[in-house]
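This briefing covers the cores, the strand pairing and the backbone angles of one structure. Please look through the sequence and the model before reading the points below.

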Amino acid sequence: AAAGLSKKELIGKKISVQMAELLEKRKSIPTDTLAGLRMQGIKDCDRMIVALTPINSMGDILGGVMLLADTPGVGDRLTEKLCEAGAMFLGKQLED
């Protein structure tokens, strides 16, 4: 699923191998760590990951919440917390 202005650009595209590996670690990736990596979250998409948190439901990783930007390194602590809140919300919704 995708939301925002670039939704049409992202629907149906696969996540990158790098992002899948980060999600498997089962923890949020700090924005300062992501700023050091010039990593694409979605294959064939020019935007970079700013914040990334896995969606955990009953111990299983079902996906992730990520925020994308045109330039890397624009995330801050608030961005990180918003991403975590979104992932927690979705995880709880998927449990029910």
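Two strands are taken as paired if DSSP finds at least two bridges between them. The model is predicted. In it, β1 and β2 form a hairpin with two residues between them.

**Strand pairing**
- β2 covers residues 60–69 and runs antiparallel to β1, with nine bridges joining the two strands.
- Ile61 in β2 is the bridge partner of Asn56.
- In a regular strand, side chains alternate between the two faces of the sheet.

**Nonpolar cores**
- The largest nonpolar core has seven residues, namely Met19, Leu22, Leu23, Ile29, Ile49, Leu52 and Met66.
- At least two residues of this core come from each of α2 (17–24) and β1 (48–57).
- α2 gives the largest share of this core, with three residues.
- Another core, of five residues, lies apart from the largest one and includes Ala51, Val65, Cys83 and Ala87.

**Positive phi angles**
- Met58 is not a glycine, yet has a positive phi of about 55°.
- The position of Met58 is in the loop between β1 and β2.
- Met58 counts as exposed because its relative accessibility is 67%, and the cut-off for exposed is over 50%.
- Arg26, also not a glycine, has a positive phi of about 65°.
- The loop that holds Arg26 is between α2 and α3 (31–36).
- The relative accessibility of Arg26 is 47%, so Arg26 counts as partly exposed.

Terms used. Residues numbered from 1 in each chain as written. Predicted model: local features only at pLDDT ≥ 70, side-chain atom pairs only at ≥ 80, totals over all residues. Heavy atoms only, no water. Core = buried A, V, L, I, M, F, W, Y, C linked by side-chain atoms within 4.5 Å. Buried < 20%, exposed > 50% of the residue type's maximum accessible area, 1.4 Å probe, protein only. Helix = DSSP H or I, 4+ residues; strand = E, 2+ residues; numbered from the N terminus.
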